[in-house]
Amino acid sequence: MKMPGVDGRVVIVTGAGGGLGREYALDLAANGARVVVNDLGGARDGSGAGSAMADEVVAEIREAGGEAVANYDSVATAEGAAGIVATALDAFGSVHGVVSNAGILRDASFAKLDDAGWDAVQQVHLYGGYYVTHAVWPLFREQGFGRIVVATSTSGLYGNFGQANYGAAKSGLIGLINTLAIEGAKNDIKANAIAPLAATRMTEDIAPAEFLEKLPPAFVAPVVTHLMSEELEETGSVFVVGGGQVQRVQQFQNKGVTFATPPTASEVADRWSEITDMAGATPGRNPLG
Ligand code: NAI
């Protein structure tokens with residue numbers, strides 16, 4: 001059955017020429033969305049480019065009776081993001097949702113990480129997420145509707161050896177949607193994040209084959225489609241999705257301790273077990289917000 005609140009909507013999926021993005025594009029189109037299939041068409045490390053990946057997914061969608069258009073711009077520049085939005089407007093006249101999914105890997109232990117490896121990953125993931133959401137933001141505000149999903153990662157939530165660059169970018173995207181959820185609230189703009197777990201070219205040599213077998217991308221896509229729907233209430237949330245599990249992740253803050261006057265470092269040390277005790281912790285909120 002089609003999701004009624006997705007049917008006819010125009011959704012941009014970045015990095016949709018393969019892996020998870022392809023699956024998101026196929027599922028959105030199967031639910032009646034008109035999809036912009038963006039993909040730079042390069043290698044896993046971000047090198048190279050080509051049109052074949054996006055074209056193949058567009059062909060698949062059309063063969064199944066859906067509507068899609070290809071775009072080959074890079075999300076890593078403001079011009080690229082503007083080009084993606086222009087493709088949507090030229091083909092379909094509007095944009096209702098964005099799945100910021102494009103990604104690359106330049107894994108290296110922190111000792112071996114160089115500036116180029118740091119920059120390339122920030123540029124595609126964090127700047128890419130910023131450029132694409134910033135390009136649609138005025139449209140979303142004007143029409144009083146918008147759905148945003150960014151791809152984060154358990155590496156961003158919890159860290160992972162060799163992924164300081166990637167984890168920092170992925171964690172930054174959660175910071176982005178936290179504020180977009182607040183600023184978008186009055187215009188029915190909902191912004192959420194997915195930390196997927198799926199067998200793709202990105203994970204093929206990272207996890208054991210027996211584990212990856214249980215993680216087809218098809219388990220993740222319906223959650224993204226739901227997060228694009230008109231009836232969605234959810235915003236500012238993060239979900240870990242893969243292998244059939246769909247879980248919400250939230251930050252909790254404990255009771256901690258309260259010092260009436262500035263403590264000494266040894267007074268802080270004396271109360272450390274209370275400061276770090278998470279018993280009775282509640283969801284955190286910004287005391288300045
Ligand atoms: P993938 O490598 O199959 O897909 C990424 C796609 O992004 C590729 O088709 C690539 O050509 C495209 N792309 C790369 N740079 C681009 C650019 N500058 N502009 C436009 N397109 C570009 O990898 P996968 O696994 O499908 O990853 C999708 C997203 O999910 C990524 O953001 C990734 O970091 C994230 N993710 C994936 C996990 C997994 O288990 N597969 C785990 C956690 C996060």
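1. Which residues lie nearest the centre of the second largest pocket? They are N178, G236, Q250, Q251 and G284, from a lining of 22 residues. A pocket here is an open set of points on a 1 Å grid over the protein atoms alone, where a 1.4 Å probe fits, with protein on both sides within 12 Å along at least five of seven lines; lining residues have an atom within 4 Å of a point.

2. The model is predicted: local features need pLDDT of at least 70 and side-chain atom pairs pLDDT 80 or more, while totals for chains, interfaces and linings use all residues. Residues are numbered from 1 along each chain as its sequence is written, and side-chain values use heavy atoms, without hydrogens and water.

3. The domain assignment, automatic or from a database, gives domain 1 (10-250) and domain 2 (252-289). Their C-alpha centres are 36 Å apart. The second largest pocket lies between the two domains, because both give residues to its lining.

4. This second pocket holds about 690 Å³ of space, a volume being the space filled by probe spheres set on the points, which are joined across faces, edges and corners. Its lining divides into 7 nonpolar, 13 polar and 2 charged residues; Ala, Val, Leu, Ile, Met, Phe, Trp, Tyr, Cys and Pro count as nonpolar, Asp, Glu, Lys and Arg as charged, and the others, Gly among them, as polar. The largest share, 6 residues, comes from α6. Helices (H or I, at least four residues) and strands (E, at least two) are DSSP runs, numbered from the N terminus.

5. The largest pocket has a volume of about 910 Å³. Among its 47 lining residues, G103, I104, Y166, T200 and M202 are the closest to its centre. Helices that each supply at least two lining residues include α4 (115-143) and α6 (164-184). By class, the lining comprises 22 nonpolar, 20 polar and 5 charged residues.

6. The ligand is surrounded by 31 residues, the closest being L20, D39, N101, Y166 and T200; a residue is near if one of its heavy atoms lies within 4 Å. The protein covers 97% of the 820 Å² of accessible area that the ligand has on its own (Shrake-Rupley method, 1.4 Å probe).
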